[in-house]
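Q: Could you take a close look at the sheet in this one and walk me through how it is put together and what packs around it?

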Amino acid sequence: MIGGMTVHDNSPDLWRSTFPHPSAEGSKYDRGHAVVLGGPMAATGAARLAARAALRIGAGLVSIACDPASLIVYTTALQAVMTKVVRDEAAFTDLIADPRVTATLMGPAAGVNDRTRNLVLAALAARKACVLDADAITVFKDKPDELFGAIRSPVVLTPHTGEFARLFGEVSDREASALRAARTSGAVVLLKGRDTVIATPDGRVVVNRDAPPWLATAGSGDVLAGFATGLMAQGMAVFEAACAAAWIHAECARAFGPGLIAEDLEAEVPSLLRTLLR
Ligand SMILES: NC(=O)C1=CN([C@@H]2O[C@H](COP(=O)(O)OP(=O)(O)OC[C@H]3O[C@@H](n4cnc5c(N)ncnc54)[C@H](O)[C@@H]3O)[C@@H](O)[C@H]2O)[C@@H](O)CC1
Ligand SMILES: Nc1ncnc2c1ncn2[C@@H]1O[C@H](COP(=O)(O)OP(=O)(O)O)[C@@H](O)[C@H]1O
């Protein structure tokens, strides 16, 4: 108990019973379809990292929704991840209206502009499981209430400390700040750092402690967002998916060791999954 809050340390005991297991009879469609918003031509890496992470963690299908100009980059750089050209908000809304689309990820290198803002609002209007990271958070810095008012479905916000401050004010006590933010926004808030705090609007608080320092590397947060999205796409509840993603993310970094770059994280997933699914 800290300051009237009960805070649990993250461990598979908290979420293993709801971790998605592929069914023997199922097809890829039974494992969910995640749609990741791609960044523009000059900033495709973050969405690519996230999309591959979502696939690696078990989503049956992952598509990157991209503008026509950047299609060539995504299609040549990715194989198992699919690409869908999205010219405008209406096309994005149509894409995610497919009942087989089960989760969306918005924000990694999307750009801080009206397009990102409108597509985030479109994603939230679809009322599907949704992860909002990076620019999907920053783009609402002047109008956080507009974002909070649009959150009516299972949503995870994954800010680093700087992004957190843009919506909620400076972080003081990390657990109390994350809990306050979850209550204010109506979303699960995953506040990243060495100790990552995951808090829900109904008062649950979990801390994933002592991630190795080499996890603080460019693109690592994009991989984390992809893990959470891939788990939610498979139907895992939003809080449990956020906790599982944070735990797996840190364990992948621990397993790889120093010298890690973001691309290395997903290679550690299969051995962790073998243990978790046993
Ligand atoms: N390979 C890629 O294409 C990558 C693209 N990225 C994208 O680059 C854009 C900028 O991302 P940034 O994460 O630099 O964010 P921002 O540029 O939005 O914010 C960074 C600023 O926030 C402040 N800050 C405070 N606490 C911080 C913390 N704990 N970690 C980081 N910054 C903190 C610092 O003043 C820092 O200058 C985003 O669109 C992001 O998705 C990054 O994800 C890195 C990898
Ligand atoms: N000192 C630290 N020790 C361990 N992990 C850290 C530390 N600082 C940040 N991290 C982790 O590194 C990741 C960085 O994510 P983020 O800030 O979104 O970077 P990016 O936008 O480059 O992906 C987060 O998962 C965070 O929890």
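A: The sheet is open and mixed, with ten strands running in the order S1-S10-S9-S8-S7-S6-S5-S2-S3-S4. Strands here are DSSP E runs of at least two residues and helices H or I runs of at least four, numbered from the N terminus, and two strands pair if DSSP finds at least two bridges between them. S1 (7-9) and S4 (82-85) are the edges: each has a single partner strand, so one side of each has no neighbour in the sheet. From one strand to the next, the twist averages 20 degrees.

This is a predicted model, so to speak of local features we need pLDDT of at least 70, and side-chain atom pairs count only at pLDDT 80 or more, while totals for chains, interfaces and linings use all residues. Residues are numbered from 1 along each chain as its sequence is written, and chains are lettered from A and ligands numbered from 1 in written order.

Zooming in, S8 (188-191) and S9 (196-199) pair antiparallel over three bridges, and Leu190 has Ile198 of S9 as its bridge partner. Helix H1 (45-56) packs on the sheet, touching S2 (33-37), S3 (61-66) and S5 (101-106); contact means C-beta atoms, placed from the backbone, within 7 Å. H1 makes about 170 degrees with the direction of S2, where axes are lines fitted to C-alpha atoms (for helices, over the stretch in contact) and angles run from 0 to 180 degrees between N-to-C directions.

Then there's H8 (174-185). Its buried residues (20 or more other C-beta atoms within 10 Å of their own, all placed from the backbone) are Ser177, Ala178, Leu179, Ala181, Ala182 and Ser185. They pack against strands S7, S8, S9 and S10, among other elements.

Conventions
Two residues are in contact if their C-beta atoms, placed from the backbone, lie within 7 Å. The expected span of a helix is 1.5 Å times one less than its number of residues. A residue is buried if 20 or more other C-beta atoms lie within 10 Å of its own, exposed if 12 or fewer, and partly exposed in between; C-beta atoms are placed from the backbone.
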